[in-house]
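I opened a notebook for this structure and wrote down what I looked up, entry by entry.

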Amino acid sequence: MIEARHLRVLRAVARTGSFSAAARELGCTQPAISQQMKALEKSVDTPLVVRAGRGMQLSEAGRVLLKHANGILAGLSAAEEEVAAIAGLRAGRVRLVSFPTASSTLVPPAVARLRASHPGVRVSLVEAEPTESLAMLRGGECEVALAFRYPDSQGGLAVPSPHSTPREARAEATLEAAAAAAANDWSDLVVRPLLDDPLVGLLPAGHPLAGRSGGAPVDLAELAGEQWIAGCPQCRGHLVELCAGAGFEPRIDFATDDYPAVVGLVAAGLGVAVLPGLALDSVRQEGVSAVQVRAASGEPALRQVVALTLPDLAEVPAVALMLDRLAGSAAGR
């Protein structure tokens, strides 16, 4: 097998015309040059140099090999430089997939700080809910995925949309339950916890429980008789779990994962909702009142927000830096 070090010796011999001169150029001994040339000739099974007076010349086979050696060594040098740039964070790429509320809150400062310190690292962003983003991560379509899950969830009750027929509802429930289970299985991934995102109750401004004195939390059971506005399938499933724990089944009349739409529906007096705290940071809250929500356990309701990557990718410098920047962004909230 032809080795790069042998090709470097061949090039030096061709340039200098002797083993001794090649040894001086490469900083080694003349016997070492001779041994490496013999090894190269053995690997190609033909002479590569011939004596010409007091010096050396390449044979026809040697000239052909040298022509290719120059291109091979130039390519190796370029590859080494590119790898060194990535290792030294002078270059590199991180493809990030995030759910919407993290895209508008955690991602911007993290990417801005990364670009300021390492402008050669390119970061791209695509939005997707955790079910899709984890599939993208495992499929090699991104290096980092932001996701969330509910620590008190038992796997999620799949809740069909309000307009589903009974048959459609069963099909939706089966698919969404499988998707929720997959989204919550992170056993094959590196998990970087970012923050606990509290769930906030959203009530019409004139609701009797709005503005409770002292900011006391509202128990979910107090909202049992309300009409509800729910979010994405994963969030709807968790809402039903929370309400079941509080002893009732919520009447979900509206389902949308557009948070400004949720706020608008609540402000119009069409129902109540529970939203993640991050969502409220990126929408106007006119006409609504945000209250603390307490689950049946007596603990505040929340979701865990994390950054995920594959074990091998966690060792890539640009990916490790992106994880650090995301953690710093979360810690600064």
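**Entry 1: two positive phi values**

I began with Asp45, which lies in the loop between helix 3 and strand 1. I kept in mind that the model is predicted. The phi of Asp45 is positive, about 60 degrees, although Asp45 is not a glycine. I noted this because most residues other than glycine have a negative phi. Is Asp45 buried or exposed? Its relative accessible area is 69%, so I put Asp45 down as exposed.

Next I looked up Leu89, in the loop between helix 4 and strand 3 (93–98). Leu89 also is not a glycine and has a positive phi, near 60 degrees. Leu89 has a relative accessibility of 16% and therefore counts as buried, the cut-off being under 20%.

**Entry 2: helix 1**

I checked the length of helix 1, residues 4–16. Its 13 residues should span 18 Å at 1.5 Å a residue, and the end C-alpha atoms are 18 Å apart, so the two values agree.

Which residues of helix 1 are buried? I listed His6, Leu7, Val9, Leu10, Ala12 and Val13. An α-helix has 3.6 residues a turn, so residues three or four places apart point the same way. The cover over the buried residues of helix 1 includes helix 2 (19–26), helix 3 (30–44), strand 1 (49–52), strand 2 (55–58) and helix 4 (60–87). Just past the end of helix 1 I found Gly17, with a positive phi of about 85 degrees.

**Entry 3: helix 2 and its neighbours**

I took helix 1 with helix 2 to start. They pack at about 120 degrees, and their axes are 8 Å apart. That angle makes helix 1 oblique to helix 2. I recorded their crossing as right-handed. On the helix 1 side the contact is made by Arg8, Val9, Ala12, Val13, Arg15 and Thr16, and on the helix 2 side by Phe19, Ala21, Ala22, Glu25 and Leu26. Sorted by class, this contact of helix 1 with helix 2 has 7 nonpolar, 1 polar and 3 charged residues.

I then turned to helix 2 with helix 3. The angle is about 105 degrees and the axes are 8 Å apart. Helix 2 and helix 3 are therefore roughly perpendicular. Helix 2 brings Phe19, Ser20, Ala22, Ala23 and Leu26 to the contact, while helix 3 brings Gln30, Ile33, Ser34 and Met37.

**Entry 4: helix 4**

How many residues does helix 4 have? I found 28, reaching 40 Å from the first C-alpha to the last, close to the expected 40 Å. Its buried residues are Gly62, Leu65, Leu66, Ala69, Leu73 and Ala85. Helix 1, helix 3 and strand 2 are among the elements that cover them. Helix 4 is followed by Leu89, the residue from my opening entry.

**Entry 5: helix 6 and helix 12**

Last, I looked up helix 6 (residues 107–117) and helix 12 (residues 317–331), whose axes come within 8 Å and cross at roughly 130 degrees. Helix 6 and helix 12 are therefore oblique to each other. The crossing of the two is right-handed. Val107, Pro109, Ala110, Val111, Arg113, Leu114 and Ser117 of helix 6 meet Leu321, Met322, Arg325, Leu326, Gly328 and Ser329 of helix 12. I noted 8 nonpolar, 3 polar and 2 charged residues in the contact of helix 6 with helix 12.

Definitions and conventions. Residues numbered from 1 in each chain as written. Predicted model: local features only at pLDDT ≥ 70, side-chain atom pairs only at ≥ 80, totals over all residues. Heavy atoms only, no water. Helix = DSSP H or I, 4+ residues; strand = E, 2+ residues; numbered from the N terminus. Expected span 1.5 Å × (residues − 1). Buried < 20%, exposed > 50% of the residue type's maximum accessible area, 1.4 Å probe, protein only. Contact = heavy atoms within 4.5 Å. Axes fitted to C-alpha atoms, helices over the stretch in contact; angles between N-to-C directions. Parallel < 35°, antiparallel > 145°, perpendicular 65-115°, else oblique. Left-handed = near helix turned anticlockwise from the far one by under 90°. Nonpolar A, V, L, I, M, F, W, Y, C, P; charged D, E, K, R; others polar.
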